[in-house]
Amino acid sequence: MAVNSTNTPLTSGEQLVDLSKLFAAIGRYKWRIILLAIVSAICAALIAQNMTPIYRSTATLLIEAQAARAIKIEEVYGFNSSQEEYYLTQFEILKSRSIAERVYDELSLAGHPALQSKPTLYRQAMNFVKTQLGIKEEVIADSELSSALTRKRRLDGFSRSIQISPVRKTQLVNLSFQSSDPRLAQSVANAIGEAYIASQLDARLGITQKANSWLGGRLGELRERLEQSEARLEAFRAEHNLVDVEGVTALDARELERLNEELTDARSKKTKAEGFLALVRQFDQHDIAGLESLPEITSHPSVQNVKREVMAVERKFSELSKVYGPKHPKMIAVQAELLTVNNSLRQQIGRLIEGIEKEAQSAARRLAALEQQFNRTKTAFSSLGSVESDYRRLQREVETNQLLFESFFARQKETEVTGDFDAPIARFTDRAVLPSEPVKPNKKMIVMLTFVSTLLLGTVLALLQDAFNDTIKNTADTEQELAQCALGHLPRSKKKKNEQLRSLAYFDPKQRRYSEAVRNIRTAMSLMALDKPLQVIEVTSSVPQEGKTTVSMNLAFAYAALERVLLIDADLRKPAVGARCKLPSYQPGLANVLAKTASLEECIVRDVQDGVDVMPAGAVPLNPMELLAGSGMQSLLQQLKGQYDKIIIDTAPVQAVSDPLLLAPLADAVVLVVKAERTRIPVIKHTLGQLHQAHARMYGVVLNQVKSDKAEPYYGNYGA
């Protein structure tokens with residue numbers, strides 16, 4: 001029994017995609033694919049031959065990094081290659097509509113014949129349809145608007161023919177133009193570069209003029225501001241009698257420093273005198289001994305001189321007292337001298353104390369005077385500081401205005417000097433030349449691509465058609481898709497023959513492959529019936545025109561070579577066996593036997609073809625189903641089994657009528673004829689389901705009219 005491979009799991013050695021099926025599908029449509037590719041290539045060649053040749057001319061432009069200046073000679077030739085954004089901006093300017101419009105106007109291209117756009121095939125078709133339908137295009141009443149739209153449309157077409165191609169990692173850019181006129185392509189490519197250079201120079205000239213005008217206006221304002229600030233500074237000097245504000249402030253600062261030093265010294269002296277007086281006042285003025293103990297008194301030079309005299313007299317008194325008595329005139333004289341010296345010491349100390357008191361008073365008065373003078377000088381210095389601050393502010397204002405004026409003045413002079421230097425921002429490295437060969441159409445490439453693409457498209461369409469083609473193509477499909485035994489296949493004749501010749505193909509010596517295929521079907525059925533009877537064989541199909549009558553007749557011829565065979569035409573609706581066997585239409589047959597209007601012998605035509613007896617359908621009845629459903633058919637078959645070894649019944653299609661289902665239980669074997677690549681698998685499966693429900697003994701499927709190149713090469717190169 002056949003196994004449905006669609007229900008079996010894939011093993012590791014099986015492929016998810018059966019490449020052999022893909023190649024087989026391509027092989028079935030290979031001549032169609034090749035023919036389609038050849039026809040498409042011929043059409044492409046004809047179209048390419050009639051296409052207008054398009055020429056391209058290219059100019060190369062070098063874009064400088066920045067505009068050169070005449071004041072520095074190295075800037076005239078130098079450039080900075082790090083400004084990537086600058087170059088991208090220039091490339092976009094080259095692609096701009098303003099450049100294209102400038103070239104369009106300068107070359108007067110509005111009426112050039114090479115730029116007159118021809119209507120496309122779609123536009124021509126739409127115009128033709130509108131003309132046939134009587135539809136008139138809307139006409140714009142405004143002539144200015146109409147001309148503007150026409151100009152815009154032509155300018156857009158002109159812009160699309162311009163190609164701007166920057167050369168990678170360089171400052172070069174290629175300017176190309178395509179046209180059917182080679183001279184126009186050359187002139188436009190050069191004109192694009194010239195228009196770009198001219199537009200940049202015009203823009204720079206306009207900027208320079210605006211800069212000069214603006215700088216001139218600003219210079220007048222700055223000059224007036226500078227004069228006003230200088231006048232305010234002079235008025236301030238005159239108001240405060242300032243000659244050199246830096247010298248005045250320096251003198252006052254030194255005076256303050258000197259007064260501060262004197263004030264410190266006066267305070268020190270006053271403090272010292274007052275401290276000495278405080279010590280002296282602790283002793284009585286007549287307490288010479290106590291006063292002498294003070295270091296401040298003893299250290300005074302005048303007191304020290306007197307003290308030396310006192311000590312000398314005391315030493316003299318001590319020496320004389322050792323020699324003379326108190327009454328001695330020398331002793332009296334020494335005593336008088338000692339008294340005088342002590343009085344002198346006392347007087348000297350008194351004068352010293354008095355002098356210190358006066359010194360303290362003088363120091364106090366001097367300190368007060370110095371403090372007053374210091375305060376006055378300090379006040380004057382403070383007021384002078386605010387004057388100096390105002391003076392500095394006015395002076396800075398003058399300096400700032402002076403700097404701005406000089407800067408703007410220098411920039412204006414520089415602009416005036418360099419404004420007339422028209423250094424181009426770009427220059428041609430290669431100008432466009434007259435093209436000699438068109439760039440398109442590339443006829444060879446068009447034909448080649450059309451041929452290859454059509455081959456690929458045809459292959460894809462063939463695979464798609466094969467994928468969506470759910471018909472039986474070969475015996476392998478019979479077993480895999482229908483789960484039925486493939487009894488064999490019958491090849492299709494290369495030459496178209498009528499039904500009469502196809503029915504007798506078994507005896508045609510030119511169709512030995514066909515006769516051999518019929519024998520193989522006979523052999524397959526015989527092998528399947530080794531252990532069971534095989535006497536009545538019903539041949540049917542799913543739909544009409546599948547070749548069931550042809551199979552029935554040739555199978556009968558094949559069995560007739562070995563056994564006694566009767567061929568019964570049980571298709572009481574559209575009988576065909578009698579006509580193919582050239583029997584008269586009035587020949588009685590199966591319908592007559594079942595209706596008992598003729599005897600069995602009258603309904604059987606003996607030895608129609610090499611030992612094959614035929615029972616035609618007979619007179620077509622009004623109720624064929626009731627006629628076949630009765631017990632007469634079963635009785636007839638029982639009677640015929642005693643006379644014939646094989647009874648082959650040709651029945652109507654199952655999907656057309658139910659007659660085959662009534663006869664299926666009476667047959668020992670039911671053979672389903674399927675026309676290759678015609679009947680859909682769901683229809684065949686539905687037919688098989690109906691036969692199984694009718695308890696038919698299905699033997700298998702015969703695949704009819706298989707193309708010889710798709711059939712298995714089993715029989716050798718016999719005749720077709």
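## Contact between helices 17 and 18

In this predicted model, helix 17 contributes Tyr-514, Val-518, Ile-521, Arg-522, Met-525 and Ser-526 to a contact with helix 18, where the partners are Thr-550, Asn-554, Leu-555, Ala-558 and Tyr-559. Sorted by class, the residues of this contact are seven nonpolar, three polar and one charged.

Helix 17 covers residues 512–528 and helix 18 covers residues 548–560; their axes lie 9 Å apart and cross at an angle of about 75°. Because angles of 65 to 115 degrees count as roughly perpendicular, helix 17 is roughly perpendicular to helix 18.

## Helix 17

Helix 17 is made of 17 residues, and the distance from its first C-alpha to its last is 24 Å, close to the 24 Å expected at 1.5 Å a residue. Its buried residues are Arg-513, Tyr-514, Ser-515, Ala-517, Val-518, Ile-521, Arg-522 and Met-525.

## Ala-368

Ala-368 belongs to helix 13, which runs over residues 329–418. With a relative accessible area of 33%, Ala-368 is partly exposed. Arg-267 is 101 residues from Ala-368 along the chain, and the C-alpha atoms of the two are separated by 9.5 Å.

## Confidence

The protein chain has a mean pLDDT of 77, with 76% of its residues at 70 or more. The pLDDT is below 50 over residues 68–81, a stretch with 21 contacts in the model beyond near neighbours in sequence. It is also below 50 over residues 710–720, where 25 such contacts occur. Where pLDDT is low, predicted coordinates should not be read in detail.

Notes: Residues numbered from 1 in each chain as written. Predicted model: local features only at pLDDT ≥ 70, side-chain atom pairs only at ≥ 80, totals over all residues. Heavy atoms only, no water. Axes fitted to C-alpha atoms, helices over the stretch in contact; angles between N-to-C directions. Helix = DSSP H or I, 4+ residues; strand = E, 2+ residues; numbered from the N terminus. Parallel < 35°, antiparallel > 145°, perpendicular 65-115°, else oblique. Contact = heavy atoms within 4.5 Å. Nonpolar A, V, L, I, M, F, W, Y, C, P; charged D, E, K, R; others polar. Expected span 1.5 Å × (residues − 1). Buried < 20%, exposed > 50% of the residue type's maximum accessible area, 1.4 Å probe, protein only. pLDDT = per-residue confidence, 0-100.
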